[in-house]
Structure formats: C-alpha cells, structure tokens
Amino acid sequence: MAIIPQELSISLIKTTLHAATNNLGQLCRHANINMWASKRPYDRQTGTASYITHFNIPEFTTPAVVPTSGWSPRLPQGGEKSPFKMGDFVGYNHDEGIPLGIKKTDLSIPTVINPNTDVIKIKYTKGIVSFLQEVTALGCPYGIYIEGTNHNGAKCRFYSVDYDGLPSFSFSPRSIRKMFPQIEKWNLTLYFVVILIRRYALLQPCPDGTPFRLFPAQVHKGVEYINKVPLKFSAYYEYIEVTFSIMPSEPAGYFCPSDTVLDYVVLAYRKDGSSENLGGGTNVDVWREPTFIRDFRKDIYSYIEICMREPGSRRYPNAQWYPSIQYSGSYRTTGDPNYDLEYIFTFRGGESDCNVLIKAFDSDARPD
C-alpha cells in the first residue's frame, strides 16, 4: 500500500516502509521514509506543518564554497519537544514524487560544448508549484549558477535566473561571448539553484552576497536527479559584430513624420573577392529605429558595406544622413537620380566590432 489511510497501525507502517521493526521511534526515523512525502513524521523543534520546514536545504551565499551535502529530511528526535507520533503517517505516500529537480535524463549538455553552435537544454521538474514559493519565500525565481576559473586561472562566478526556469541556454550570443575569452581554457561547473532574492537577469557576473539554494541531488524512485554538471568547451570562432541602427534626430518641439522610409542592403565581402547579402529592407520606417545586427567570421570576410538609400520623395530635400559614431571606414554618394540621398558605408579591415548609429537630421522646421 503506497498511501497510508487514517485507520493506520504499526503493522501497516512497518509494511509500507519495508521495515523490520515494530518500534514507533525507529519507524518515525526510518531510512526508507520518502522524505518528499507531504505527510510524514517531522521534527517539531525546527519544523511546523509547512512543507518546506521539513527539510534541511543546502544553502550558500557567494563567494562561499558551494555545499557538497544534499537535501535531507528533518525527522523527529523523540521526547516532549519532538515526539514520535504515529498520526504523522496518516496520508503518507511512499511513492510521492520529487517536487523540484533536474532529472539527469532531461539534461542535454555535450561532453565538449561548441560555444558557437551548441545549446544546453534543461527540463525542470516542478511537481508542486507552491513548493517553489516556499523555497524562496519571495516567489520562485530559479535557474543556474556557474562557478570556476577563467583562462588566466582567476576565480569567476556567473548566474542567470528566471521565474520559469531556463529551458535552454547558449553561450553563442555576442554579449555572453565577450565574458568568456579563450573559453576552451575555462574550468566551469554549472549548478541548478533557486535564488533567495527577487532577481530576473540574463547571464551576468554574480555579485558577492547573492544567496542560493541548491536543487536536490539523489536517486528517487529509480530516477537520478542532479544539481551540478561540469562544463568543457571547444574554442570560439573569432567573430566580428556589426550593428546598424537608424533613428531620427529632430529639432525640439517637432513630431517625427511617419512617412520617411529608406532602402538598405548589407553586403559582406569575402577574402576571395565574392560577396554575400546579409540582409536588408525596402521602405523601412526610419522612425521605428530599424536595427540590423550580424556576426561574421573575420577569417572569412574582409569588409562589410551598408548601402543606404532614401527613396525619391522630395518632401524633405534638406535631410542629411550621417554616422554619429566613429568607425573604421568611409561613406560616399553615387548620384543615382532615383534617390534623393544615397550613401554607402564601408567597414574595412574586420579587426574589431563596429557599432554605427545613423541619424536623420534636418535643421529646417518640419511639419507634422
């Protein structure tokens, strides 16, 4: 019998636990008790009827050492303050599932991670959603904590949390790659954690004093749950990022017209002389700040050109397009009669990132 009814007996408890004793005290502290059962004996000195108080939970605050011990039940000690009570077994479910965890089989991490392409896939077990709220007492933000040494051997810590966990995680975004230079030389361990403060963030360096609780790590009902995994990486490709943004710069007190558009195309020229169209747009609404972001491998490409054209409307003949941020390159016009303004921005060399914000400016008063 998996669930003990109200009409319980020592014999029934003994049979359910597969125990070899009739002693109530020994049964209340038996090693076969399913500690995840919501109805079971507990230590009344440290716990109450609240589910979370029935556990010892590994907790740490950075930069302290991550605990090596796992979750354990708070069981009664005996005596007046923490008595052995047969009634605590009423409703006990010997087969009750784990309420929070990461099954080893639900985690997909390559033995050697290619940070350019591989994705870490995670599936969180959330048997009791309210349990997450009890674990944090501040909601249920949970995710990952990464600790280890960098390419220089210095200690480093990162974390990322979310109220819905992190079903997948990648090191490939540009903002993350910059944090892990020479990543193949890093020695990192990923931990699954609940964070004890309200925090929602992408992966970022972990501030000192950040409190965490580790996920459980054990074999439960034949299923292995884990709370950490080592990370090993191959080398990054050397990428360059080009950011192309357009926005209006209007005199104070004037409303940006909604019908100003442009055409643009972004071309990458390979070292063999061929080119690739990385993308573009036709009749793009300038005032909505279109943005184009692209990484390219500098060992393949030599330079990038952005061809930007304002279609042939003569409504605003005094508009001037210009780069507001310095970059390695030049821009020019071709005099095409089909366009009021036509500029070609050329980014040469491919040795560093380019971030160019292009503004439309008209010193004359513009109508609404």
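**Ground rules.** I number residues from 1 along each chain as its sequence is written, and I use heavy atoms for side-chain values, leaving out hydrogens and water. Because the model is predicted, I take local features only at pLDDT of at least 70 and side-chain atom pairs only at pLDDT 80 or more, while totals for chains, interfaces and linings use all residues.

**Helix α3.** I took helices (H or I, at least four residues) and strands (E, at least two) as DSSP runs, numbered from the N terminus. Helix α3 covers residues 129-136. I looked for its buried residues (under 20% relative accessible area; exposed is over 50%, partly exposed in between; 1.4 Å probe, protein chains only). I found F131, L132, V135 and T136. They sit on the same side of α3, because their arc around the axis is only 130°. I took that arc from the directions from the helix axis to the C-beta atoms.

I listed β1 (55-56), β4 (100-108), β5 (119-126), β6 (142-149), β9 (187-195) and β11 (211-214). After α3 comes A137, with a positive phi near 65°.

**Cysteines.** I searched for disulfides (cysteine sulfur atoms within 2.5 Å). The count is zero. I noted C156 as buried at 9% relative accessibility. C206 is also buried, at 8%.

**Aromatic pairs.** I paired rings of Phe, Tyr and Trp (its six-membered ring) with centres within 6.5 Å; planes under 30 degrees apart are stacked, over 60 edge-to-face, the rest tilted. I got 22 pairs. W36 and W71 make a tilted one, at 5.5 Å between centres and 45° between planes. W36 is in the loop between α2 (24-28) and β1, and W71 in the loop between β2 (59-61) and β3 (72-73), so the pair ties together parts 35 residues apart in sequence. Both W36 and W71 are buried.

I then looked at F60 and F212. Their centres are 5.4 Å apart with planes at 35°, so this pair is tilted. F60 belongs to strand β2 and F212 to strand β11, 152 residues apart. I read relative accessible areas of 3% for F60 and 0% for F212. I also traced a cluster joined by ring pairs: F158, F169, F171, F180, W186 and F233.

**Charges over rings.** My test was NZ of Lys or CZ of Arg within 6 Å of the ring centre and within 35 degrees of the ring normal. R40 lies over the face of F55, 5.3 Å from the ring centre. R44 lies over the face of Y42, at 4.4 Å from the ring centre.

Terms used. Contact = heavy atoms within 4.5 Å.
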